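Please examine the sequence and the three-dimensional structure shown here. The paragraphs after them are intended to be read with both in view.

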Amino acid sequence: MNGGTRQGIDLTRVLHAPQRRVFAAWTSPEDFAAWYGGEADVPLDRVSMDVRPGGAWSLVIVMPGVEMPFHGVYREVSEPDGLVMTLKDGSAPKDPEGTESTEGETVTVTFTDLGDGTTELAFQQRGGHLTPAQYAAAEDGWEAFFDALAARLASHP
């Protein structure tokens, strides 16, 4: 597939927080619930994170009249340098054993210490399971999530 067919998302954001704090924002249920979903509500009691290779994560974004569950598995955990994890929404079932199938997207986040208390977040989502329009919508969603992440880091250093 080529010729303009979108295969994923690549975003980079400089965050005004130390590298270890940014890593914690991706691996602490309190932090993750505060920014994942952007302006939408993610109840802390609907977040589960087993941050280790092979460990599962899940959460539910709650908006008026709709719930959007997300889940995945951590493939790599390199504190404080980054994470690789799978990502599926509620329409993607788990395998009978509860493990992830090959469906879904793979998210890779890398945190680079830029000095002066700033960290570069390099985000990549791959999988090829979304249409170009779905990737565009997902990219807009991640941009909103990262705005919320920056706000969370500013208010909870």
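The account below moves from the overall layout to the sheet, the helices, the core and the aromatic rings.

This is a predicted model, in which local features need pLDDT of at least 70 and side-chain atom pairs count only at pLDDT 80 or more, while totals for chains, interfaces and linings use all residues. Residues are numbered from 1 along each chain as its sequence is written, and side-chain values use heavy atoms, with hydrogens and water left out.

The protein has 3 helices and 7 strands. Helices (H or I, at least four residues) and strands (E, at least two) are DSSP runs, numbered from the N terminus. Along the sequence, these elements follow the pattern β-α-α-β-β-β-β-β-β-α. Of the 157 residues in the protein, 41% are buried; buried means under 20% relative accessible area, exposed means over 50%, and partly exposed lies in between (1.4 Å probe, protein chains only). The protein exposes about 8000 Å², of which carbon and sulfur atoms supply 51%. Such areas come from the Shrake-Rupley method with a 1.4 Å probe, and for residues only the protein chains shown count as cover. Contact means heavy atoms within 4.5 Å. Among contacts between residues at least 6 apart in sequence, 49% join residues at least 24 apart.

The strands may be considered next. An open sheet is formed by 7 strands in the order β1-β7-β6-β5-β4-β3-β2, with antiparallel pairing. Two strands pair if DSSP finds at least two bridges between them. Because β1 (8-15) and β2 (48-49) stand at the edges with a single partner strand each, one side of each is left without a neighbour in the sheet. The antiparallel strands β2 and β3 are joined by 2 bridges, and Ser-48 stands opposite Ser-58 in β3. Elsewhere in the sheet, 6 bridges join β5 (residues 82-89) to β6 (residues 105-115), also in the antiparallel sense; here Met-85 stands opposite Val-107 in β6. Strand β6 pairs with β7 (residues 118-126) over 9 bridges, and Thr-108 has Gln-124 in β7 as its bridge partner. These two strands, β6 and β7, form a hairpin with 2 residues between them, and Asp-116 in the turn has a positive phi of about 55°.

Where does helix α1 stand in relation to the rest of the structure? Since 7 of the 9 residues of α1 (residues 19-27) are buried, this helix is largely enclosed by the rest of the structure. Its buried residues are Gln-19, Arg-21, Val-22, Phe-23, Ala-25, Trp-26 and Thr-27. Thr-27 counts as buried because its relative accessibility is 16%. A polar atom of the Thr-27 side chain lies 3.0 Å from the backbone oxygen of Phe-23. Beyond its neighbours within four places in sequence, Thr-27 is in contact with Met-49, Val-51 and Leu-83. Ala-24, also found in α1, is partly exposed, with a relative accessible area of 24%. Ala-24 and Pro-80 are 56 residues apart in sequence, but 8.2 Å apart in space, C-alpha to C-alpha.

In soluble globular proteins, nonpolar side chains tend to be buried together. A nonpolar core is a set of buried Ala, Val, Leu, Ile, Met, Phe, Trp, Tyr and Cys residues joined through side-chain atoms within 4.5 Å. The largest such core here has 36 residues, and Trp-26, Trp-35, Tyr-36, Phe-123, Trp-142 and Phe-146 touch the most other members. Helix α3 (residues 132-155) gives the most to this core, with 7 residues. Leaving aside neighbours within four places in sequence, Trp-142 is in contact with residues including Ile-9, Trp-26, Leu-87, Val-107 and Phe-123.

How many aromatic pairs are found in the whole structure? The search finds 19. Rings of Phe, Tyr and Trp (its six-membered ring) pair if their centres lie within 6.5 Å; planes under 30 degrees apart count as stacked, over 60 as edge-to-face and the rest as tilted. Phe-32 and Trp-57 form an edge-to-face pair, 5.9 Å centre to centre with 90° between the planes. Phe-32 lies in helix α2 (residues 29-35) and Trp-57 in strand β3 (residues 56-63), so the pair ties together parts that are 25 residues apart in sequence. Both Phe-32 and Trp-57 are buried. The rings of Trp-142 and Phe-145 have centres 5.4 Å apart and planes at 70°, so this pair is edge-to-face. Trp-142 and Phe-145 lie 3 residues apart in α3, about one turn of the helix. One aromatic cluster includes Phe-23, Phe-32, Trp-57, Trp-142 and Phe-145 among its members.

Terms used:
A polar contact is a pair of N or O atoms within 3.5 Å; within protein, one must be able to donate a hydrogen and the other to accept it, and residues adjacent in sequence count only if both atoms are side-chain atoms.
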